[in-house]
Amino acid sequence: MNNQLLIKEKLQTKLENIQSKSDGSPITDLQLDKTLVAEIEQLTTELESVNPNLNPLLYATSLLEGAWQLQYSTAREIRSLASLPFGLKLGKVYQVIDVANKLFFNLAKVKHPLGLVSGYVKVTASFEPAKEDLEPLQNKRINVYFDKRYLSIENILGINTPQLNPFKVVSANNPTSRTATLDITYLDETLRIGRGGDGSLFILSKSENLPEFTSSNEN
């Protein structure tokens with residue numbers, strides 16, 4: 001086993017052990033002790049150093065395409081989902097990417113532990129490769145432009161509620177003083193690591209659980 005696969009296996013095993021007690025919802029650094037957070041960061045940094053696709057926006061766009069499930073993050077927006085009102089609990093979180101149209105959406109499943117209600121929060125966005133002054137080619141950074149936020153209730157007490165899907169659509173927030181960016185720091189067929197412009201970390205695994213992306217421009 002080469003060094004890349006060895007580090008990847010160590011990182012995935014550590015995340016799987018942590019998530020074995022959850023229902024697939026992403027783990028954040030606030031839920032772990034500092035020693036474990038440091039271990040995850042160390043393994044992540046080591047894996048980024050042996051990234052097999054250093055120019056993913058040029059040579060590995062086919063790997064970006066499709067659905068990804070979020071496993072771990074230090075991002076503020078993911079941390080905030082861990083404390084939802086009305087007893088709601090965060091479930092699985094996905095990102096679905098349409099490379100050809102430069103669109104994606106983030107989808108966070110939410111539900112009440114007693115089965116009273118379930119739904120999701122979805123944020124649509126577009127992106128473009130960022131042109132770096134010191135890089136002659138499009139490298140690994142994308143500029144992100146958030147579009148809309150959808151709040152949806154899919155069912156109440158087991159009864160489908162299409163009239164509430166969605167029940168609210170608002171403009172999504174973008175940073176006021178900068179363009180949101182994401183660096184794709186590691187990418188292979190099954191794992192992706194990203195670093196936000198604010199330093200936040202995202203670790204995602206490829207997923208087959210969502211249908212193919214169709215459109216981010218919903219009314």
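**Figure 1. The salt bridge between K109 and E154 in the predicted model.** With a relative accessibility of 30%, K109 counts as partly exposed. E154 is likewise partly exposed, its relative accessible area being 24%. The closest N and O atoms of K109 and E154 are 3.4 Å apart. This pair links distant parts of the chain, K109 lying in strand β4 and E154 in strand β6, 45 residues apart.

**Figure 2. The salt bridge between D29 and R79.** The closest N and O atoms of this pair are separated by 2.6 Å. Because D29 belongs to the loop between β1 (27-28) and α2 (34-48) and R79 to helix α5, the contact ties together parts that are 50 residues apart in sequence. D29 counts as buried, at 15% relative accessibility, whereas R79 is partly exposed, with a relative accessible area of 29%.

**Figure 3. A network of salt bridges linking E41, E48 and R195.** R195 lies in strand β10 and E48 in helix α2, so their pairing ties together parts that are 147 residues apart in sequence. Both R195 and E48 are buried. In total, the structure holds 7 salt bridges.

**Figure 4. The largest pocket, with a volume of about 1,100 Å³.** The lining comprises 40 residues, of which E77, I78, N106, F146 and F202 are the closest to the pocket centre. Helix α5 gives the most to this lining, with 5 residues. Elements that each supply at least two lining residues include β3 (89-98), β4 (103-111) and β6 (141-156). By residue class, the lining divides into 24 nonpolar, 9 polar and 7 charged residues.

Methods
Residues numbered from 1 in each chain as written. Predicted model: local features only at pLDDT ≥ 70, side-chain atom pairs only at ≥ 80, totals over all residues. Heavy atoms only, no water. 1 Å grid on protein atoms, 1.4 Å probe; cavity = no way out; pocket = protein on both sides within 12 Å on 5 of 7 lines; lining within 4 Å. Points joined across faces, edges and corners; volume = space filled by probe spheres on them. Helix = DSSP H or I, 4+ residues; strand = E, 2+ residues; numbered from the N terminus. Nonpolar A, V, L, I, M, F, W, Y, C, P; charged D, E, K, R; others polar. Salt bridge = Lys/Arg side-chain N within 4 Å of Asp/Glu carboxyl O. Buried < 20%, exposed > 50% of the residue type's maximum accessible area, 1.4 Å probe, protein only.
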